[in-house]
Amino acid sequence: MLSRLINFFRACWNPSSDRYVHSGSDSGGGGARQDGLLWYKDTGQHVIGDFSMAVVQANNLLEDQSQIESGPLSFLDSGPYGTFIGVYDGHGGPETSRYINDNLFQNLKRFATEEQGMSIDVIKKAYQATEEGFFSVVTKQWLMKPQIAAVGSCCLVGVICGGTLYVANLGDSRAVLGRTIRATGDVLAVQLSSEHNVSIESVRQEMHSLHPDDSQIVVLKHNVWRVKGLIQVSRSIGDVYLKKAEYNREPLYAKFRLREPFRRPILSSDPSISMHELQPHDQFLIFASDGLWEHLSNQEAVDIVQNHPRNGIARRLVKVALQEAAKKREMRYSDLKKIDRGVRRHFHDDITVVVVFLDSNLVSRASSARGPTVSLRGGGISLPSKTLTPFSAPVDVSSTPTT
């Protein structure tokens, strides 16, 4: 029965493969490849070690965007130098995550230039400038494309500079550190990012404390907790319809419009940011969208990285997650791989994974060492801008944007 259903879906949704284009760009990073809906770079070098990167598409249009930038973190010849990792999990469409991919790192370099160094304040300013920039896009496109007000993105960033790791996050992507326990030699998973998803009780409590006059700020809908019954994350870039009341009206689709006006933003764009002084026993970092963490625990992911070769490790993590997704639906992994984008979203989300290895001999001098310069975007597959979507009505997994 399942195989018949898969064949039916494939017959209804079978765009010609030559209409796809690879949207990743790689300056000095070479070797990125594509296999169907999977884009990957098995190995590369950044300022303080190796990295591996993989993206698998599930949505009709890829909503995950990501990048790794290594080398100058400002526009000054004097530095600082280091590595920037970004994972941007969009919802409601790809526009916000693509905008972040185009602008956030440039904003960070601009503020690092002004302050002549890296800091929490630099990262906060970069996030805020990116949020304000996307607001400007929504303002310009509102009358022609009102639905852009309901598009947003999670935003996970790691910056390694001068022996310090900064982790900033909005939404429910996650950064996990693999740290060796000296006494046993085991590698322990340490979660570095704070998540903002109302499925977490503490996040629901935070929303209630921020909106004490709104008993419906978080509601349980179809067994899923959602802010105003619409969205799972409490912080994001974009989602202007829940931040500025003037965009929560016609011509925005009725399903996104709230019945009661609001006087203060419902969602926040203020990232959680933490600093970590890297130690010799810190082995590697895993940055991934929640598409991975839906199927793997922190420790499971760390164990996979620790127990397998570095080359292709991000692709391996994606494969294990897809195998788990197939198992949950009582189907074979080989059959899951045959399902086309759009329909694939019924089985798993877009998944982005970036694994960054830390060479302790290079960490301490990384802020002044130029090292290899890398600028790589993990784009998976997307359609050319002038190409029509190959299906008249995109598959909508739920009636509202979520992550």
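Rings of Phe, Tyr and Trp (its six-membered ring) are taken as a pair if their centres lie within 6.5 Å, with planes under 30 degrees apart counted as stacked, over 60 as edge-to-face and the rest as tilted. By this criterion the structure contains 5 aromatic pairs. The pair formed by Tyr-241 and Phe-256 is edge-to-face, because the ring centres are 5.6 Å apart and the planes stand at 70°. Tyr-241 and Phe-256 both lie in the loop between strand 15 (237–238) and strand 16 (272–277), 15 residues apart; helices (H or I, at least four residues) and strands (E, at least two) are DSSP runs, numbered from the N terminus. Both Tyr-241 and Phe-256 are buried, where buried means under 20% relative accessible area, exposed over 50% and partly exposed in between (1.4 Å probe, protein chains only).

A word on the source is in order. The model is predicted, so local features need pLDDT of at least 70 and side-chain atom pairs count only at pLDDT 80 or more, while totals for chains, interfaces and linings use all residues. Residues are numbered from 1 along each chain as its sequence is written, and side-chain values use heavy atoms, with hydrogens and water left out.

Turning to the chain as a whole, 9 helices and 20 strands are found. Of its 403 residues, 56% count as buried. Among contacts (heavy atoms within 4.5 Å) between residues at least 6 apart in sequence, 71% join residues at least 24 apart. The chain exposes about 17600 Å², and carbon and sulfur atoms supply 47% of that area, as computed by the Shrake-Rupley method with a 1.4 Å probe, with only the protein chains shown counting as cover for residues.

Charged side chains come next. There are 17 salt bridges in the structure, each defined as a side-chain nitrogen of Lys or Arg within 4 Å of a carboxyl oxygen of Asp or Glu. One of them joins Asp-42 and Arg-315, at 2.7 Å from N to O. This pair links distant parts of the chain, with Asp-42 in strand 4 (residues 38–46) and Arg-315 in helix 7 (residues 313–328), 273 residues apart. Asp-42 is buried, at a relative accessible area of 15%, whereas Arg-315 is partly exposed at 31%.

Another salt bridge connects Arg-310 with Asp-50, with the closest N and O atoms 3.1 Å apart. Here too distant parts of the chain are linked: Arg-310 is in the loop between helix 6 (298–306) and helix 7, Asp-50 is in strand 5 (residues 49–56), and 260 residues separate the two. Arg-310 is partly exposed at 41% relative accessibility, and Asp-50 is partly exposed at 21%.

Asp-282 and Arg-179 also meet in a salt bridge, at 2.7 Å from N to O. Asp-282 lies in strand 17 (residues 282–288) and Arg-179 in strand 11 (residues 174–180), so the bridge ties together parts 103 residues apart in sequence. Asp-282 is buried at 3% relative accessibility, while Arg-179 is partly exposed at 26%. Elsewhere, salt bridges that share partners join Glu-115, Asp-121 and Lys-125 into one network.
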